[in-house]
Amino acid sequence: MEREKVVDCLCERMFVNNDDPVILEIWDELTMLLSENVLETIDFLNDCTEEQMFYISEIIEDISYNVKSREFIDVLYKLCEKYPNLKMESDVMLAESYMER
């Protein structure tokens, strides 16, 4: 995973309106980047800001489906505690269900 590319995608996402169809391309690219190497992704998530995590949370289920990693899910639960205002618990629970498939 290339941190710079992830950060660039997140920056681009921050400036794209939710109704803009380009958002789907950004989500796809972020999902691909954050699914490449689960350990690097975990490291990135541990260092990300609340705002970055807000935008990553939009695709958490897709990343989880791709990586199917217990360590990844554990980090997500920690991030729920770290950033309670994001209210990601239901997203993380759904992501966790992918571990069983």
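In this predicted model, Lys-68 lies in the loop that separates helix H5 (60-67) from H6. Lys-68 has a relative accessible area of 34% and is therefore partly exposed, since that class lies between the limits of 20% for buried and 50% for exposed. The side chain of Lys-68 comes to 2.9 Å from the backbone oxygen of Tyr-65. Val-16 is 52 residues away from Lys-68 in sequence, and the C-alpha atoms of these two residues are 29 Å apart in space.

Packing of H6 against H3 was examined next. Two packed helices are described by the angle between their axes and the distance between the axes. The axes of helix H3 (residues 38-47) and helix H6 (residues 70-82) come within 10 Å of each other and cross at roughly 5°. H3 is therefore roughly parallel to H6, because angles under 35 degrees are placed in that class. On the H3 side, the residues that meet H6 are Val-38, Thr-41, Ile-42, Leu-45 and Asn-46; on the H6 side, they are Glu-71, Phe-72, Val-75, Leu-76, Leu-79 and Lys-82. Seven residues of this contact are nonpolar, two are polar and two are charged.

The largest nonpolar core contains 32 residues. Those with the most contacts inside this core are Leu-34, Phe-44, Leu-45, Met-53, Ile-56, Phe-72 and Leu-76. Two or more core residues come from each of helix H1 (3-14), helix H2 (22-35), H3, helix H4 (50-56), H5, H6 and helix H7 (89-97). H6 supplies the largest share, six residues.

Key. Residues are numbered from 1 along each chain as its sequence is written. This is a predicted model: local features need pLDDT of at least 70, side-chain atom pairs count only at pLDDT 80 or more; totals for chains, interfaces and linings use all residues. Side-chain values use heavy atoms; hydrogens and water are left out. Axes are lines fitted to C-alpha atoms, for helices over the stretch in contact, and angles run from 0 to 180 degrees between N-to-C directions. Helices (H or I, at least four residues) and strands (E, at least two) are DSSP runs, numbered from the N terminus. Angles under 35 degrees count as roughly parallel, over 145 as roughly antiparallel, 65 to 115 as roughly perpendicular and the rest as oblique. Contact means heavy atoms within 4.5 Å. Ala, Val, Leu, Ile, Met, Phe, Trp, Tyr, Cys and Pro count as nonpolar, Asp, Glu, Lys and Arg as charged, and the others, Gly among them, as polar. Buried means under 20% relative accessible area, exposed over 50%, partly exposed in between (1.4 Å probe, protein chains only). A polar contact is a pair of N or O atoms within 3.5 Å; within protein, one must be able to donate a hydrogen and the other to accept it, and residues adjacent in sequence count only if both atoms are side-chain atoms. A nonpolar core is a set of buried Ala, Val, Leu, Ile, Met, Phe, Trp, Tyr and Cys residues joined through side-chain atoms within 4.5 Å.
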